[in-house]
Amino acid sequence: MNANDLLSRRRQALAPAYELFYEEPIHLVRGEGVWLFGADGRRYLDCYNNVPSVGHCHPRVVEAIANQARVLNTHTRYLHEKIVELGERLGTKLSDNLRACWFVCSGTEANDLATQIARTVTGRYGMVVSEGSYHGNSDLVATLSTEVSYTPKDRPDWLAATEAPDTYRGSLRAGSEACGEDALAEHYATKVSEGVEGLASRGYQPAAMLVDSSWDANGMLIPPKGYLAKAASIVRAAGGLFIADEVQAGYCRLGDAWWGHECYDVVPDLVVLGKPMGGGHPVAAVISTPEIAAAFGERINYFNTFGGNPVSAAAALAVLDVIDEEGLLENAFEVGRHLERSLAELQKEHSIIGDVRGSGLFWGIDLVRDRESREPIERAEAKRIVSAICEAGVLMGLMGNHSNVLKMRPPLPFSSDNADHALEVIDACLKRYET
Ligand SMILES: Cc1ncc(COP(=O)(O)O)c(C=O)c1O
């Protein structure tokens, strides 16, 4: 089947809202580890996909899914060893008191449920989020996702969107004034206080603050030290809970710890898990304290037909096994250090790179018109660049509220050699673009 025929069939069969990556869409037929293979026989280095967290089609995950599917697949209303084991094992990866699990099928469902839990147990309705965030696409969660659906005038009164801690392009910038991490943390935490005060002035108290611990939609941010802990304590002092959306930052992505919030010394009340959890299989979760779970359970008898079924549980358990046995947290840390050095070198070579930020195996390369003004390049230009990188055999994405940040977020077994290969390709493409 040639790609154009498939494209026109797709246009007939799928709703038009579905986006395709790259100026020339690619047709993939197989994946293995960090590599993807096209119908045309081409091989691509995957620097983008975090869902196949332990590598594409990892044999352990594939086998676990197939073995369980062969025997039984029901749901969470029957006793099943693997479902219980998954809950127990996830609990061991989190701070002591976070061990009550709800299983769902997507990050959206998990954020929807976490919001429902927070509202139910606090008896409050307000929500605090970062400006420019993305948490999913249900009606409720799209409202919480200030990146996508609503302009400020459409926002409900119960929502406070506070400035994200963007020390590169935000209202207080690192290095731009006589300010260190403390002043930056204080500045952005004050935005959270203002958000909470704004809610109160509109008659709402916060049920929770929901934060993506990697600020992926903002172009991947590393917050100033102390910011997240301050933000959480401000919301808690106002009676709300702190929800860490770990759909992007979780599962070792940031290299220093299993979870993004751990890197920032915060213990959340609720943790949201998604994308990487099933190694490609759709499974997600909310994890909370037994006290919060009990308070919610008294009011709501939650059930999710597919969430946490035995096949999903088998996939998620295999992912936990592989991460531990293959040392993928350590790998993310080491390759992350290598990327940090190499990306800094790359930045020196290209004036179009205004900023490089990230950690572990999650990096953003912020492309600008001018380093001084930090004005982002146009979306169309960024798309041309990421398409050229794809054409040269390396898959990356775009992120950020201006879609100008090259996103590098590969499967966890990504090696330093893979990183060198990717950076050579990016270097060559940027050179071609700049001349
Ligand atoms: C931080 C974050 N939370 C939640 C979601 C939603 O997850 P899903 O697409 O599985 O519903 C996403 C998806 O990109 C995300 O990046």
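This is a predicted model: local features need pLDDT of at least 70, side-chain atom pairs count only at pLDDT 80 or more; totals for chains, interfaces and linings use all residues.
Student: How many salt bridges does a search of the whole structure find?

Tutor: The search covers the whole structure. The number of salt bridges found is 20.

Student: Which residue meets E325 in a salt bridge, and how many residues apart are the two?

Tutor: The side chains of E325 and R60 meet, with N to O at 2.8 Å. E325 belongs to helix α10 (residues 310–325) and R60 to helix α2 (residues 59–71), so the pair links distant parts of the chain by the helix assignment. The partner of E325 is R60, and the separation is 265 residues.

Student: Where do E85 and R89 lie, and how far apart are their closest N and O atoms?

Tutor: Both residues lie in helix α3, 4 residues apart, which is about one turn of the helix. E85 is partly exposed at 29% relative accessibility, and R89 is partly exposed at 21%. They form a salt bridge in which the closest N and O atoms are 3.3 Å apart.

Student: Which residues are linked in a network of salt bridges?

Tutor: The network consists of R60, E85, R89, D321 and E325.

Student: R253 is buried; what is the nearest side chain of opposite charge?

Tutor: R253 is found in the loop between β8 (241–245) and α8 (260–263). Residues that R253 touches include N50, S359, F362 and R409, leaving out those up to four places away in sequence. R253 has no salt bridge, and the nearest side chain of opposite charge is 9.0 Å away. That side chain belongs to D46.

Student: Why does K93 count as buried?

Tutor: K93 is in helix α3 (residues 81–93). Beyond residues up to four places away in sequence, K93 touches W258, W259 and D324. Buried means under 20% relative accessible area. K93 is buried because its relative accessible area is 18%.

Student: Which helix gives the most residues to the shell around the ligand?

Tutor: The residues around the ligand include S106, G107, T108, N111, Y134 and H135. D212, D245, Q248 and K275 are also among them. The helix that gives the most, with 3 residues, is α4 (residues 107–122).

Student: What share of the ligand's exposed area does the protein bury?

Tutor: A backbone N or O atom of G107 lies 2.9 Å from an oxygen atom of the ligand, and a polar side-chain atom of K275 lies 3.0 Å from an oxygen atom of the ligand. For D245, an N or O atom in the side chain is 2.7 Å from a nitrogen atom of the ligand. Taken alone, the ligand exposes 390 Å², and the share buried by the protein is 84%.

Student: Is E381 buried or exposed, and which residues does E381 contact beyond its neighbours within four places in sequence?

Tutor: E381 is in helix α12 (residues 379–391). Its relative accessible area is 13%, so E381 is buried. Leaving aside neighbours within four places in sequence, its contacts are R369 and Y433.

Student: How far apart in space are E186 and G226, C-alpha to C-alpha?

Tutor: E186 is in helix α6 (residues 181–201), and at 42% relative accessibility E186 counts as partly exposed. E186 and G226 are 40 residues apart in sequence, and their C-alpha distance is 8.3 Å.

Technical notes: Residues are numbered from 1 along each chain as its sequence is written. Side-chain values use heavy atoms; hydrogens and water are left out. Buried means under 20% relative accessible area, exposed over 50%, partly exposed in between (1.4 Å probe, protein chains only). Lys and Arg count as positive and Asp and Glu as negative; His and the chain ends are not counted. A salt bridge is a side-chain nitrogen of Lys or Arg within 4 Å of a carboxyl oxygen of Asp or Glu. Contact means heavy atoms within 4.5 Å. A residue is near a molecule or strand if one of its heavy atoms lies within 4 Å of it. A polar contact is a pair of N or O atoms within 3.5 Å; within protein, one must be able to donate a hydrogen and the other to accept it, and residues adjacent in sequence count only if both atoms are side-chain atoms. Accessible areas come from the Shrake-Rupley method with a 1.4 Å probe; for residues, only the protein chains shown count as cover.
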